[in-house]
Amino acid sequence: MASGNVEKLELSFSAVPDKPKKDWVLMSLRVLAFLATASATLVMALNKQTKNFVVATIGTTPITVSITAKFHHTPAFIFFVIANGVASLHNLVMIGVDILGPRFDYKGLRFVLIAILDMMNLVLASAGDGAATFMSELGRNGNTHARWDKICDKFESYCNRGGAALIASFIAIILLLVTTVMSISKLKPKN
Amino acid sequence: MESITKARKICHLLLRFLAFGATLSAVIVMATSHEKASVLVFQFEAKYTNTPAFKYFVIANSLVTVYGFLVLFLPPESFLWRLAVATDLVFTMLLVSSISAALAIAQVGKKGNSHAAWLPICNSVPKFCNQVTGALVAGAIAMIIYMILLLNSIHRVLDPLILRKC
């Protein structure tokens, strides 16, 4: 009777599947994407430049007005910061889920959820990018048809820092695209 | 069983056709929007080519229209549907970024930007603004349909043989 129980126990132990191999490529891609989105968010959020302008001259004393350029003056940049912030949070959560392993699984829905969330993340990040790219292009070149003056000749470092945040965001999008394709390819059809 | 497969195929085809129609109408409405107005002493014509954002919107939507048209003719059980998932993803991304860019510039045109001393132009050219809004709405509908199609493509890759409602 005891040996039969021991045999049953041994059988149940061998029926437990092996731990799946950790995917280091995907993990390192996510870490890089997290770094890129986080840096894009931070650089754009801390983007600020103050400059003094001489507006008029009364007698011999010039009147100076100091104008500040901040990121939250434009809704496009606000959306950019929010989108990249959410994207970096999502990457952090996905890294955590990858590290913690397959303990979080509900009837095999884990990979499907990861693929769908990755897709949503990619769409959000690319939306933020598109808006900020064209808004900063408008700031750099102005628009003669609508009589909108360019602002980048006066606020040089503001524009340069915004450009750096945009480049980081583009890198993040490429990494996120590769990550999403890899997560979708992990979904194997049930035969 | 046969009727469910057929319903599923028809539903999928209908969604793709709707997306094709939405992107096509977005392109047409945006490309035909132009209005002349005279502000003070100078003539002022508002066209979609004035802004690179609207040009990008038209180009991206025309690319997606051509893609949508080609995909309509893909036979339902071919193995190319796996590639279609990846290309669907790329084109959805393109669509989303083009709408977001056009929306950003249109918002500046409508409300202006007091910090940068940019005046809104929609007061002088209201018909142009309305047409651009219409094109953006069509683009937004196309974007939503493409996201639904993406989820559907993942579903098809996951279990191509199990019959479900689309």
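**Helices 2 and 3 of chain A**

I started with H2(A) and H3(A), whose axes come within 8 Å and cross at roughly 150°. That makes H2(A) roughly antiparallel to H3(A) (angles under 35 degrees count as roughly parallel, over 145 as roughly antiparallel, 65 to 115 as roughly perpendicular and the rest as oblique). For my own reference, axes are lines fitted to C-alpha atoms, for helices over the stretch in contact, and angles run from 0 to 180 degrees between N-to-C directions. Helices (H or I, at least four residues) and strands (E, at least two) are DSSP runs, numbered from the N terminus.

I noted that H2(A) and H3(A) cross in a left-handed way (left-handed if the near helix is turned anticlockwise from the far one by less than a right angle, right-handed if clockwise). Sorted by class, the contact of H2(A) with H3(A) has 16 nonpolar, six polar and two charged residues. Here Ala, Val, Leu, Ile, Met, Phe, Trp, Tyr, Cys and Pro count as nonpolar, Asp, Glu, Lys and Arg as charged, and the others, Gly among them, as polar.

**Ground rules**

I'm looking at a predicted model, where local features need pLDDT of at least 70, side-chain atom pairs count only at pLDDT 80 or more, and totals for chains, interfaces and linings use all residues. Residues are numbered from 1 along each chain as its sequence is written, chains are lettered from A and ligands numbered from 1 in the order in which they are written, and side-chain values use heavy atoms, with hydrogens and water left out.

**Salt bridges**

I looked up Arg30(A) next and found a salt bridge with Asp98(A), with the closest N and O atoms 3.8 Å apart (the rule wants a side-chain nitrogen of Lys or Arg within 4 Å of a carboxyl oxygen of Asp or Glu). This pair links distant parts of the chain: Arg30(A) sits in H2 (residues 24–45) and Asp98(A) in H3, 68 residues apart.

**Helices 3 and 4 of chain A**

The axes of H3(A) (residues 75–100) and H4(A) (residues 110–141) come within 8 Å and cross at roughly 155°. H3(A) and H4(A) are therefore roughly antiparallel to each other, and their crossing is left-handed.

**Between the chains**

How many residues does each chain bring to the contact? I count 36 from chain A and 36 from chain B (contact means heavy atoms within 4.5 Å). About 3200 Å² is buried between the two chains, and carbon and sulfur atoms give 77% of that (buried area is the accessible area, 1.4 Å probe, that two parts lose on being put together, summed over both).

I also checked H5(A) (residues 156–185) against H3(B) (residues 81–111): their axes come within 11 Å and cross at roughly 150°. This crossing is right-handed.
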